[in-house]
Amino acid sequence: MHALLPGLKAALNVHPIFVHFPIALWLAALYFEILAVWRASDDFHRTSARLLYLGTLAGAITVLTGLAAKDSVPNGPAHAVLEIHELTMLITFSLAVGLCMFAFFARKNLTPQFRKLLLLGLVILAALLTMGTDRGAQLVYQYGTAVNWSTAQQQ
């Protein structure tokens, strides 16, 4: 397996493999819900809800791998950023779960007001997601967390 995926062998944890899925799926859900509200389209809304569900499923895996990976972040300035990243992403994930429940239970009574409320929730989700992922990027690009420096210096 390591010969086939040498990048995976060099990874200190698997969290970075999963982080992109909820980001892409939740932002796509927002895009389709904007279209659903603008066009008053049930099809776009159903697509948005399905993307939200898939993104939240991916988010659960991402949260679990993130919690497992947090021990690899050294104490110091990076740890403070990690705490902000963790809290923001747990809030984001919780909101996504709440939006999934809202979308699921409101699906039979899909009024324009429900669509607009879901859209507002997705906008807030996207804002929180952006703040949380920025802190994750800061952990990697500013502090070099999850980078195997011993392997990188051998190159």
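L117 is partly exposed, with a relative accessible area of 47%. On this scale, buried means under 20% relative accessible area, exposed over 50%, and partly exposed in between (1.4 Å probe, protein chains only). L117 sits in helix α6. Helices here are DSSP runs (H or I, at least four residues), strands are E runs of at least two, and numbering starts at the N terminus. L117 and F102 are 15 residues apart in sequence, and their C-alpha atoms lie 9.5 Å apart.

The model is predicted: local features need pLDDT of at least 70, side-chain atom pairs count only at pLDDT 80 or more, and totals for chains, interfaces and linings use all residues. Residues are numbered from 1 along each chain as its sequence is written, and side-chain values use heavy atoms, with hydrogens and water left out.

Now the whole chain. Its secondary structure comes to seven helices and zero strands. The order from the N terminus is α-α-α-α-α-α-α. The C-alpha trace spans about 60 × 35 × 20 Å along its principal axes. Of the 155 residues, 34% count as buried. Take the contacts (heavy atoms within 4.5 Å). Among those with a separation of 6 or more, 79% join residues 24 or more positions apart.

Back to α6. The helix has 30 residues. From first C-alpha to last, α6 reaches 42 Å, close to the 44 Å expected at 1.5 Å a residue. That expected span is 1.5 Å times one less than the number of residues. The buried residues of α6 include R115, L118, L119, L122, L125, L129 and G132. What covers them? The cover of the buried α6 residues includes α3, α4 (42–69) and α5 (77–106).

Consider α3 against α6. Two packed helices are described by the angle between their axes and the distance between the axes. Helix α3 (residues 20–39) and helix α6 (residues 112–141) have axes that come within 9 Å and cross at roughly 150°. Axes are lines fitted to C-alpha atoms, for helices over the stretch in contact, and angles run from 0 to 180 degrees between N-to-C directions. The two helices are therefore roughly antiparallel. Angles under 35 degrees count as roughly parallel, over 145 as roughly antiparallel, 65 to 115 as roughly perpendicular and the rest as oblique. The crossing of α3 and α6 is left-handed. Left-handed means that the near helix is turned anticlockwise from the far one by less than a right angle; clockwise is right-handed.

Which residues meet? From α3 come I23, W26, L27, A29, L30, E33, I34, A36 and V37. Their partners in α6 include R115, L118, L119, L122, L125 and L129. By class, this contact has 15 nonpolar, one polar and three charged residues. Ala, Val, Leu, Ile, Met, Phe, Trp, Tyr, Cys and Pro count as nonpolar, Asp, Glu, Lys and Arg as charged, and the others, Gly among them, as polar.

Helix α3 also packs on α4. Their axes come within 8 Å and cross at roughly 160°. So α3 and α4 are roughly antiparallel to each other. This crossing is left-handed. The contact includes F21, L25, W26, F32 and R39 of α3, with F44, H45, L51, L54 and G59 among the residues of α4. It has 14 nonpolar, seven polar and two charged residues.

Last, P77, which lies in α5. Is P77 buried or exposed? P77 is exposed, with a relative accessible area of 56%. P77 and Y143 are 66 residues apart in sequence but 8.3 Å apart in space, C-alpha to C-alpha.
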